[in-house]
Protein chains: 2
Amino acid sequence: MKNSSFQEIILKLQDFWASHGCLITQPYYTQVGAGTMNPATFLRVLGPEPWNVAYVEPSVRPDDGRYGENPNRFQLHTQYQVILKPDPGNPQELYLESLNALGIDPRQHDIRFVEDNWEQPAISAWGLGWEVWLDGQEITQFTYFQQMGGVALDPVSVEITYGLERILIALNNAKAIWNEPWGSIQGRESATVVTYGEIRRQEEFEHSKYYFEAADVERVRAMYDLFSAEAEACLAGGLIVPAHDYVLKCSHSFNILDTRGAISVAERQAFFRRIRELAKGVAVAYGEQRKGLEYPLLKNAEVRMKNAESKPSFNSAFSNLHSSFVLEIGVEELPASDVDSAHAHLTTRIPTLLDELHLAHGDVRIFATPRRLTVYVENLSPSQPDRENLVKGPPADKAFDKDGKPTQAALGFAKKNNLDPATLEAREIDGGKYVAAVVKQKGRPTPEVLVDALPKLVESIKFEKSMRWNDSGVSFSRPIRWYVALLGDMVIPFEYAGVVSGNTSRGLRPYDSPEIKIPSADKYFDTIREAGILLDKEERKASIVEQVNQAAALIGGEAIIEDGLLNEVANLIEMPTAVMGGFDNEYLSLPQDVLISVMKKHQRYFPVEKNGKLLAHFIAIRNGDDLHMDIVREGNEHVLGARFADANFFVREDIKLKLEEYRPKLAGLMFHTKLGSMLDKSERMLKLAEELSSMLALTEHETRNTHRATFLSKADLVTQMVTEMTSLQGIIGREYAIRSGEQKDIAIAIGEQYQTVPQTKIGLVVALADRLDSLVGLFASGLAPTGAKDPFGLRRAAIGIVQPLIEHNVDFDLAAAVKESAKTQPIEVGAEVQKQILDFITGRLNVVLKDAGYKYDVVDAVLAEQSNNPAGSLRAVKQLQAWVERKDWHEILPAFARCVRIIRSPSVTSDQLLVIGRVFMSEPEEMDLFDAVLSLQPGYKSVDEFLNAIMELVPLINIFFDKVLVMAEDKIVRNNRLALVGQIASLSSGIADLGKLEGF
Amino acid sequence: MKNSSFQEIILKLQDFWASHGCLITQPYYTQVGAGTMNPATFLRVLGPEPWNVAYVEPSVRPDDGRYGENPNRFQLHTQYQVILKPDPGNPQELYLESLNALGIDPRQHDIRFVEDNWEQPAISAWGLGWEVWLDGQEITQFTYFQQMGGVALDPVSVEITYGLERILIALNNAKAIWNEPWGSIQGRESATVVTYGEIRRQEEFEHSKYYFEAADVERVRAMYDLFSAEAEACLAGGLIVPAHDYVLKCSHSFNILDTRGAISVAERQAFFRRIRELAKGVAVAYGEQRKGLEYPLLKNAEVRMKNAESKPSFNSAFSNLHSSFVLEIGVEELPASDVDSAHAHLTTRIPTLLDELHLAHGDVRIFATPRRLTVYVENLSPSQPDRENLVKGPPADKAFDKDGKPTQAALGFAKKNNLDPATLEAREIDGGKYVAAVVKQKGRPTPEVLVDALPKLVESIKFEKSMRWNDSGVSFSRPIRWYVALLGDMVIPFEYAGVVSGNTSRGLRPYDSPEIKIPSADKYFDTIREAGILLDKEERKASIVEQVNQAAALIGGEAIIEDGLLNEVANLIEMPTAVMGGFDNEYLSLPQDVLISVMKKHQRYFPVEKNGKLLAHFIAIRNGDDLHMDIVREGNEHVLGARFADANFFVREDIKLKLEEYRPKLAGLMFHTKLGSMLDKSERMLKLAEELSSMLALTEHETRNTHRATFLSKADLVTQMVTEMTSLQGIIGREYAIRSGEQKDIAIAIGEQYQTVPQTKIGLVVALADRLDSLVGLFASGLAPTGAKDPFGLRRAAIGIVQPLIEHNVDFDLAAAVKESAKTQPIEVGAEVQKQILDFITGRLNVVLKDAGYKYDVVDAVLAEQSNNPAGSLRAVKQLQAWVERKDWHEILPAFARCVRIIRSPSVTSDQLLVIGRVFMSEPEEMDLFDAVLSLQPGYKSVDEFLNAIMELVPLINIFFDKVLVMAEDKIVRNNRLALVGQIASLSSGIADLGKLEGF
């Protein structure tokens, strides 16, 4: 098979898009990070004018430089950029056709549209769409632009950005780009193939070196200043494109500085803000300019089609029998979470809706895949029943005059409801007297009802993020492209979002989404299944699990199947087929967490392990059948290899320094403006960890290593590996600590710090120090979570305090700890705030305990009295729950409750509980009780001690209350008796408030 | 006819060159002035590796910005760049094929390869080649690169740079680019054509405004500094491409500053030097890098073909009759001046060569066109005659021993010359006795002789500038592509410059240079004429003159046919056909000199006038026949229109300021480092003009206006129009002076300053001041012309001093003037230098007078005695020449000569000539002569006065010499007589040295 060349790909795309109605333009003449920045996109997507354009864009991203060592990651990569404005209605199909023109047959590959929310804050732009994956490799970004330069776009533009290097790799089934042909040189006698590497590799090395090591920070900074000043001046002078050019130069010089590691987090904001302001200025000015020119491209453009005239209609002859109904909403690939949320919405909504519509029905079944949302209703009634409605009219006293004749109001009401005024009479309604009418409503035929209801149903489906795509202005997760709406075999015609319903569905993506006629609702499931689509998510999941396990077994391993991943994968495909691939054994030397993280997070692969150790294999799920599976496998293997190579690169770069050498760089990483840098935080943690070590009575060795672990804990945040994959924080710290020669327990502690429950004591202290510092500092800065918002993850931090204390079962004084942390903060943390923090933590503790299965009342009872020591709280909860479950509990609790209730009655004041003296006692029962109370050991620490004591008292208490009148006439006697039971009640103090218990 | 679109052109070129063995790459990602700067050219043409590449390059040239008002001049234009390395042997044909692929049929147009010596001093690069003209429009630059970044190139690369906008204009026969289609956008229902203007015009306006008006000079300067520092740092770090990127940024920022008018001439040098050094550094480093990589592209490349094995051979059977011989050297289009110089060389060389080769021959005819150099020899002898040579052997005394027997030396000589030793005898040769041999040399057959001689003949043709193109390493004006070498009908086989001779010539360019078999030398002329080629330049000239005059007559005008232009045009074509076109009447308001200059200099058109006023027409000469002449005419009209629009733009911009407002800007224009700026020069001229005015006795009014004219004289040098077309200096000054309200005689004087002979007195003074200042200043700076070199045009300056003084016939003291000028110079001008300057001027005066037809001896005679006043010299020359031509001159001169000769004899010392006294006289003849001498009026000023006086003396002189012995024994008598004739001889002093005359 002849290999494709880089230039062929470009020429084919140029031809393809030129013949599909695009202007062909050129790359921009100043460094851009993406084709989006070319004015042919950035400016032209603004405003109402149509614009189809395609061009190559060599894109420069300094921090992607890998010295030419990575097979498909480079500081310069070549994009092919297409803009379609407005959406032509079939951009995905056009795109797939273009792949076909390149020789990429969807049947031979696994092509996937994977959710991608594109955002470019630096130019205040965003859109929704996908990464397109070819055998696991991202080869294209496909975005419906919603906003650019801060300006909302109308119409929306479709942006298709091909990654040409990756496409070449895929086409040639290559390991890396470097040896693939760019083209060839014809000499007089023979042709010489010139590789991509020959043209770009040396340069790639040099630029990587320049960006990472050589660029002079002061000079590039000075360039940035000059560029931004010039951009502003151009803007002020109305010179839009020159201004834009300088914005791009700002952006590039910022990227250089960033790659060079010269931008602190705090600065970054300022840089971004400046660039964003300028970009917005450009966008707004351009918009005005085009408006001033009266939108020249609009003049010649076609008048937009409106479907207003072609209101759907249907043949009203239909069966009177109950029929099945199916609605399929066909969409471009939904994000996995949107598949779930739409499913959930429809599941609750449909039954309610049918009720509201007065339509009798049988079973309702809801299904969701990435490409279709299906509502199936069995036995739907052919029409609504006829109904009688009671319609409320004017109040009786206003409906009749003093002569009993209907007033004007009553006559009006009668007329409106088509009643004979003579039949009007007053009835009691809602506790008043009104004139009323019973109106008979004829049931409408179901098709009519549905025609009205279905658009509203579709409209009712909401998503966390949604987008516009055509001039209907409708928002949805992704564009809607078809509806099947069949009642029996009859199409229910409606139009919503510019799409008209019919009886045509679409098949699987890898089969080119062929049109599928659905003959009738009854045949829906069979037809869809014949098309190879698994509608039911549970079925897809089961199939995945089965295939993945089988594949893993083939190599004697076990697949690691995590629920979240399984769920996501099941929402990415309609026909799951497992494919297993391998990777180079050498990568097994990378931290295992890195490997797993890359496989799961980036690639949605299932890792395979054996005896707790990873195997050099992975299992991917393809969307489609097993045709040409070898190509799909090799493609996926290539991608994973490249990703691991990338990780390898970072690790190799990173370990040139020892872990502790990274720590000073934390000064450049902002924690929070009021609280300083991560280095500041790290310093506070050190002080706090010192206190905590002593609070937790660590040994001298433990204390020393805790200090070291805390000292190093945050250093990995400024390594390249963590910068690249934040989720590896801590894990990387641990690995690098070991490689830096730190003691093992220190390394482990560093690794554990982000785990909810660190296993080691040292890890526990580091984690506590971290989380307490965050809680205390951020609360003091007024950043306590509100409502559902918790941007700093403080709920998780609080759980991360109580959960490990519980699990380690170590006693701890949260109040003291908070107080210590408060001392280290750069801002004041008053008593009120400390209280607030402790309450917040208690709240989390409460949740944790209940989630652990303890009865809510037990938990509440304990936490009401003891919450500052979570481990103690748990012990108390456990004991109390055991008591509560005792058979004789119904005897114990009421006795104690009598004591508590009486002194909690509103008429009892606390000064009445102060004095107890035998001298004021007259009854033997009170004296017996008194003696018994006196004989108790004071200061019970546990629920058991306390309740065992109470149990002893129960008979005496019961007799006391039966025989003695506590609320005696005599005030002293009364107070003395109150004080006696108060004494008993107070035994629970600091242990549990039994008043919170059921049955109290 | 469907219009072409811009993107179609690009796609077609991409396809064409891809299918012709080029790599297709992308435009560069930073602003470049030309595709040459893209590393795909700049770096890849270095070193031995092959490289064929083609790419689009939007090229940014700030100073070409015209605010979108010019039909085909823009700050951003789109190049299509092709590099072929090494030369494929037929690059012109490939290029023409590519035009055909674009729809440009050479038969329908006038396609011309017009000499262009490409040079880019900023990157130390140069090459030779052409501008390719399509109907008068430059659409392509075609260059054989000889050097890049200071590195000599081996192999040479062919660079083809298409100007895509101009090609589109030509293809669509459009007036301007703006309304031509770029491409079209396909909407759902219809397609919208998008024009080039829609995409680029607004941006063109903004960038023009930015570059000319808005760019912040201080900031851009700072950018330049940062870029250049960063380039240097990259270079030091071995980061070649990053360094190159910054060199490009330097270059662009320099261009901005330049367009903004912020670069003084002095600074320009420094900027250039810096950029050049950096570019050289990049080139050298790249060369080393590739060498270090062992030239990867060379490894796979074909082994270069060597013709060593295939030494040409020929059939030795040939006629014994005299035959005609023809040699045609087929070349790619030669520059016009090279056509002439090659013709001149061959004209003198061929007869000599044939003599040297001992080949008898009839008439020799030499022809030259841009594509062929033809040598034709009639009746060439079939072989050399047999010859006898006398070969000198050892001296006789060493040839024979004392016994008379031949020595070893003699025997050796005999053997070497194939003689019987017995026949050896001594002969007298060169005044000595030697053994000698008469060696008979058999005449070689002519073909054999020619095989050896022809390569050397071709090699002997030298050019002012020559180039290499293939691995033969041969230099020629342009590549040699074929030889026809026929003796009778027999091919004389030889190889030179990698080309082998044959009998195939090539036809006219517009007919695709078809191959033409030449059956025999006799048929050469007929065959060539049949192919439509006019070999004979005189014939071409006559045809041009006839056609041009006819055309002009058609519109009732007269063509302005200047010799130089006629000569050049005749050397640009092989088949002249006139085409007449018109231009917009509005342009007639531009200065007439501007119009003529543009037509002649830029376009090689013949202007048409009527009654001394230009008509809005021009006549161009097409190479080819009159097919599709309308297309050719319209193309040429478009070009001229655009050029006039451009001139219009400059003039409109320029006249926003008054002329005097430009004068201060002269401070930014360097005259010479030692002599300061043009403003300094202008100030010196003012002082000198003051003196000259008084020397020339100008009136007060004249003096005042001379001052003003001198004051303004150089101001136009900093206008845009003169910057663009230097040849218009003075002319523009005059026009702008008038528009600025200056007096007419001042304006005229400004206009005249560069004319060799200004017509007005004021103009004369300005010119003299200018030229004297240059001569004096530059001589004092050590920059007197040496040999053939005269970089400052000082010969012309000197002629420009004497010629007008002569023609105005005004007396003038050059010595005094030089002295005055010397006073104004910033450096010392000693007496020695002043003398040198005066001698230099006298030398020019000498030439001027001789060129005017005066006898050389007369001129010499006069100038020996008077040269500081050219007008006087001329008068003297005139008179003397009249005397010399008198019939009785043979009586006058000898008499006077006797006087002169005797006192000039070596034995006479000057002290002998001091005393004359009648007391020492003894002879009546000497007394008579003495009396006659005494009676002369002293101090003759003119030749006539002097010679009239002499004529009176002639009889007395003759008698004196006949009768009196001047060299008497008595010393006093002798001295007295010498003093007497000395007195007579001295009468010529200050008038003429008659001793220089013939017959003296």
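This is a predicted model: local features need pLDDT of at least 70, side-chain atom pairs count only at pLDDT 80 or more; totals for chains, interfaces and linings use all residues.
Reader: What makes Arg44(A) and Glu198(B) a salt bridge?

Author: The closest N and O atoms of Arg44(A) and Glu198(B) are 2.6 Å apart, and because a salt bridge asks for a side-chain nitrogen of Lys or Arg within 4 Å of a carboxyl oxygen of Asp or Glu, the pair of Arg44(A) and Glu198(B) is counted as one. Across the interface of chain A and chain B, the rule finds six salt bridges.

Reader: How many aromatic pairs are found over all chains?

Author: The search of the whole structure finds 79 aromatic pairs.

Reader: Why is the pair of Tyr67(B) and Phe205(B) called edge-to-face?

Author: Their ring centres are 5.8 Å apart and their planes stand at 65 degrees; rings pair if their centres lie within 6.5 Å, and planes over 60 degrees apart count as edge-to-face, so the pair of Tyr67(B) and Phe205(B) is edge-to-face. Tyr67(B) lies in the loop between β2 and β3 of chain B and Phe205(B) in helix α5 of chain B, so the pair ties together parts that are 138 residues apart in sequence.

Reader: How do you know whether Tyr67(B) is buried or exposed?

Author: Tyr67(B) has 12% relative accessibility, and because buried means under 20%, Tyr67(B) counts as buried. Phe205(B), by contrast, has a relative accessible area of 34%, which falls between the cut-offs of 20% and 50%, so Phe205(B) is partly exposed.

Reader: What kind of aromatic pair do Phe113(B) and Phe142(B) form?

Author: Phe113(B) and Phe142(B) form an edge-to-face pair, with 6.1 Å from centre to centre and 80 degrees between the planes. Phe113(B) sits in strand β4 and Phe142(B) in strand β6 of chain B, 29 residues apart. Phe113(B) is buried, with a relative accessible area of 5%, and Phe142(B), at 0%, counts as buried too.

Technical notes: Residues are numbered from 1 along each chain as its sequence is written. Chains are lettered from A and ligands numbered from 1 in the order in which they are written. Side-chain values use heavy atoms; hydrogens and water are left out. Rings of Phe, Tyr and Trp (its six-membered ring) pair if their centres lie within 6.5 Å; planes under 30 degrees apart count as stacked, over 60 as edge-to-face and the rest as tilted. Helices (H or I, at least four residues) and strands (E, at least two) are DSSP runs, numbered from the N terminus. Buried means under 20% relative accessible area, exposed over 50%, partly exposed in between (1.4 Å probe, protein chains only).
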